[in-house]
Amino acid sequence: MSTEAAAAAEPTDTRIDPPFTGGERETLRAYLDYHRATLTMKTDGLSDDELRRQSSPPSTLTLLGLVRHMAEVERIWFRRVIDGQDIGSVWSPDGDLQVAYDASTSTRSEAFAAWQTEVEQARRIEREAPSLDVTGHFRKWDADVSLRFVMLHLIHEYARHNGHADFLREGIDGVVGP
């Protein structure tokens, strides 16, 4: 792809920067939303086939797989751990986060609808929690974790996977950027 074509295809950055000075909860919320918006930006303008493209063989990771994975991450950490909901996963009956990476039969609309549902549920749970010190139990580690920890963990997950999304997007159409 030419430099001009890549620049024309580059998604518009509509992310809101986190505050330089703000309270702990406001700052955590803003950073989490910033990283959610980054994943959206990295997938803008791509077809279902492009979103399913494995652009770094032998890895099977795809942009659509990352969206599906993050839906599971949001679901497990906010709904199951913090809110105590007795739920399964979106794509795996046993909650295997790796299953979500297989997006070979998914569509953009299916994956993004599931992800947006989980993001909205996470936002609701966080808003309704009286403090960041609210705890839930993470069975896999047999440990209680705070809402603060969960929000920081998700910021870490998004930052890590948005780095993967950078490489995946560049491999698809040459678009690089923030």
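The structure is a predicted model, in which local features need pLDDT of at least 70 and side-chain atom pairs count only at pLDDT 80 or more, while totals for chains, interfaces and linings use all residues. Residues are numbered from 1 along each chain as its sequence is written, and side-chain values use heavy atoms, with hydrogens and water left out.

The chain contains six helices and two strands. Helices (H or I, at least four residues) and strands (E, at least two) are DSSP runs, numbered from the N terminus. From that terminus, the order of elements is α-α-α-α-α-β-β-α. The chain has 178 residues, of which 46% are buried. Buried means under 20% relative accessible area, exposed over 50%, and partly exposed in between (1.4 Å probe, protein chains only). Among contacts with a separation of 6 or more, 73% join residues 24 or more positions apart. A contact means heavy atoms within 4.5 Å.

Two packed helices are described by the angle between their axes and the distance between the axes. The axes of helix 2 (residues 24-43) and helix 4 (residues 63-82) come within 10 Å and cross at roughly 155 degrees. Helix 2 is therefore roughly antiparallel to helix 4. Axes are lines fitted to C-alpha atoms, for helices over the stretch in contact, and angles run from 0 to 180 degrees between N-to-C directions. Angles under 35 degrees count as roughly parallel, over 145 as roughly antiparallel, 65 to 115 as roughly perpendicular and the rest as oblique. Helix 2 contributes L32, R36, L39, K42 and T43 to the contact, and helix 4 contributes L63, L66, V67, M70, E74 and F78. By class, seven of the residues in this contact are nonpolar, one is polar and three are charged. Nonpolar covers Ala, Val, Leu, Ile, Met, Phe, Trp, Tyr, Cys and Pro; charged covers Asp, Glu, Lys and Arg; the others, Gly among them, are polar.

S106 lies in the loop between helix 4 and helix 5 (108-128). S106 counts as buried because its relative accessibility is 1%. Its side chain makes a polar contact of 2.4 Å with that of R68. Another, of 3.0 Å, joins the side chains of S106 and E110. A polar contact is a pair of N or O atoms within 3.5 Å; within protein, one must be able to donate a hydrogen and the other to accept it, and residues adjacent in sequence count only if both atoms are side-chain atoms.

D142 sits in the loop between strand 1 (135-138) and strand 2 (143-146). D142 is exposed, at 62% relative accessible area. Its phi is positive, about 50 degrees, although D142 is not a glycine.
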